[in-house]
Amino acid sequence: MRHPKDIKRVVHGSEDEALRLEEELKTNGHNVQTSITMQEACDLTDRIFWSSQRDGLKSFRMGQEVVDFFGRDTPLSAMKPTDVAAFKAHLRSKGNSNSTINKKTSAINRMWTAAGSEGRVTRLSQPIILREKEPKGRLRWLLPQDESELLSFFHQRTKYGVMDWTVFSNDTGVRPAESFNINPSRDIQGNELTVECRFGIGDDGEDEDNFFTKNMETRTVPLTDRCMEIVKRRSNRELLFEDVPYTKVYYWFKRARKLLFKGDKGILPYVCRHTCASRLVQKGMDIYKVKKWMGHSSITVTERYAKMSSKDIQFGAGLLDEFTEDVQSLVVPRSA
């Protein structure tokens, strides 16, 4: 049987050939090696994807919830769009938000991907799962006072480890997973940090596909004076933050969130990356340069930070004043 990609390869061929291939795939769409049950698909996905991810256990539990709803022995290929709709209705009846529903249905897509990679299902029979509309979350970043209080809190309780990590992350905008892979002798030359594309575990739960730089590109970030001071103190280590595991950083951010920020859910390690991006934008750096600094895959992502600041359009008021200077005499003053 032809692979689905074969249809796309007939770019310069005849339209009849493309239609013939498509019909062939429809006819033989269910000729897979062996069928696979929901439970088998969940276990296979865990072995291929979830077990190597930081939040893999959480993903596996979501996959298991899918299995429990559809039935352990139900063939994965038997799933239809109406079944997915019923699953969504079931989740909604439990009070799950749209974002939670999207995460749980994404487990279904992962199961199809895993099963398809083993030749146990054909992707042609995979039901299309539309994402539910989610409200855009509020981006949280650290104000100068927030940062001062946070660093003081860490310094009093953890000495320098978590405090160093926070300062470095605020001033570079590196992703948490990137920060824990920095080798001073390899990645820092002069006052520049090179963040290379290296395979590993994702960091922030935003559907990373197991690589540190999510857009698969290497970028270079200039280091501030306080970053250089941290590098100087830690340059004898193989990894810059080898003594500060993510679990420790997360624990102390969680403590700070409770004791300093009244439970503000935005106070997580990733807030440091948001802080860097927002500060660059607020100081007037060109949005495309911010994109390059942060290693964003799309300018759309960077624009989220631009929306947090009005400085890039402040000059507009002056332009409007200039435009109306010549017609001020036409403005009739209001009577007393």
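Helices α8 and α12 pack at an angle of about 90°, and their axes lie 10 Å apart. Axes here are lines fitted to C-alpha atoms, for helices over the stretch in contact, and angles run from 0 to 180 degrees between N-to-C directions. That makes α8 roughly perpendicular to α12, a label given to angles of 65 to 115 degrees, with under 35 degrees counted as roughly parallel, over 145 as roughly antiparallel and the rest as oblique. Val162, Trp165 and Thr166 of α8 meet Lys248, Val249, Trp252 and Phe253 of α12. Contact means heavy atoms within 4.5 Å.

The model is predicted; local features need pLDDT of at least 70, side-chain atom pairs count only at pLDDT 80 or more, and totals for chains, interfaces and linings use all residues. Residues are numbered from 1 along each chain as its sequence is written, and side-chain values use heavy atoms, with hydrogens and water left out.

The protein chain has 16 helices and three strands. These are DSSP runs, numbered from the N terminus (helices: H or I, at least four residues; strands: E, at least two). Of its 336 residues, 41% count as buried. Buried means under 20% relative accessible area, exposed over 50%, and partly exposed in between (1.4 Å probe, protein chains only). Among contacts between residues at least 6 apart in sequence, 65% join residues at least 24 apart.

The largest nonpolar core holds 32 residues. Such a core is a set of buried Ala, Val, Leu, Ile, Met, Phe, Trp, Tyr and Cys residues joined through side-chain atoms within 4.5 Å. Phe154, Phe168, Leu193, Phe241 and Phe253 touch the most other members. At least two residues each come from α7 (144-158), α8 (161-172), β2 (192-195), α11 (225-234), α12 (246-259) and α13 (271-282). Another core, of 25 residues, lies apart from this one and includes Ala41, Met62, Leu91 and Met111. Beyond its neighbours within four places in sequence, Phe241 contacts Asp164, Trp165, Phe168, Ser179, Phe180, Ile230 and Arg234.

Salt bridges number 18. The criterion is a side-chain nitrogen of Lys or Arg within 4 Å of a carboxyl oxygen of Asp or Glu. Arg226 pairs with Glu147, the closest N and O atoms being 2.6 Å apart. This pair links distant parts of the chain, with Arg226 in α11 and Glu147 in α7, 79 residues apart. Arg226 is partly exposed at 31% relative accessibility, whereas Glu147 is buried at 9%. Arg140 and Asp146 also form a salt bridge (3.3 Å, N to O). Arg140 is buried at 12% relative accessibility, and Asp146 is buried at 13%.

Arg92 and Glu132 meet in a salt bridge as well (3.1 Å, N to O). Arg92 sits in helix α5 (residues 81-93), and Glu132 sits 40 residues away in the loop between α6 (98-117) and α7. Arg92 is partly exposed, with a relative accessible area of 40%. Glu132 is partly exposed too, at 21%. A network of salt bridges links Asp164, Glu229, Arg233, Arg234, Arg237 and Asp243.

Arg257, in helix α12, is buried yet has no salt bridge. The nearest side chain of opposite charge, Asp264, is 7.3 Å away. For charge, Lys and Arg count as positive and Asp and Glu as negative; His and the chain ends are not counted. Not counting residues up to four places away in sequence, Arg257 touches Tyr250, Lys262, Gly263, Asp264, Lys265, Ile267 and Leu268.
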